[in-house]
Amino acid sequence: MEIEDYGRARVLVTSHGQTFLVDLVSFDLNGGCTCAHFLSRLKPEINRARELGNFIPGHFFRCPHIRAARDFILDQHFLPRLLELYPDNEDS
Ligand SMILES: [Zn+2]
């Protein structure tokens, strides 16, 4: 998978020659993706859970592209920032 920062918590994920746009903050921070799996299976599950009032964002509602994009943002942005804020935690 190739992953590219697209700005404002959005990430382009290319897999098997197809590129999908992942928005990490949509669906209550679950993330959303333009792939067929998310649009045809996961998004309806999210909407159903929302209607029932029991939607909790998490692994179950994330396609592989959302999971890869979250890892990418964590590794490229948040963890380096945390290391800047708390430098004493490095290699303890
Ligand atoms: Zn996807």
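Tutor: Let us begin with helix α2, residues 36–52: at 1.5 Å a residue its 17 residues should span 24 Å, and because its end C-alpha atoms are 24 Å apart, the two values agree. The expected span here is 1.5 Å times one less than the number of residues, and helices (H or I, at least four residues) and strands (E, at least two) are DSSP runs numbered from the N terminus. Please keep in mind that this is a predicted model, in which local features need pLDDT of at least 70 and side-chain atom pairs count only at pLDDT 80 or more, while totals for chains, interfaces and linings use all residues. Residues are numbered from 1 along each chain as its sequence is written.

Follow α2 along to Leu42, where the helix bends by about 35 degrees, with the proline Pro44 following within four residues; the bend is the angle between axes fitted to the seven residues ending at a residue and the seven starting there. Leu42 is also buried, as are Phe38 and Ile46 in this helix, where buried means that 20 or more other C-beta atoms, placed from the backbone, lie within 10 Å of the residue's own. The cover over the buried residues of α2 includes α1 (26–29) and β4 (32–33), and just after the helix Gly53 takes a positive phi of about 75 degrees.

The strand β4 leads us to the sheet, which is open and has four strands in the order β1-β2-β3-β4 with antiparallel pairing; two strands pair if DSSP finds at least two bridges between them. Strands β1 (2–7) and β4 stand at the edges with a single partner strand each, so one side of each has no neighbour in the sheet. The partner strand β3 is joined to β4 by two bridges, and Cys33 in β4 is the bridge partner of Val22.

In soluble globular proteins, nonpolar side chains tend to be buried together.

Conventions. A residue is buried if 20 or more other C-beta atoms lie within 10 Å of its own, exposed if 12 or fewer, and partly exposed in between; C-beta atoms are placed from the backbone. Two residues are in contact if their C-beta atoms, placed from the backbone, lie within 7 Å.
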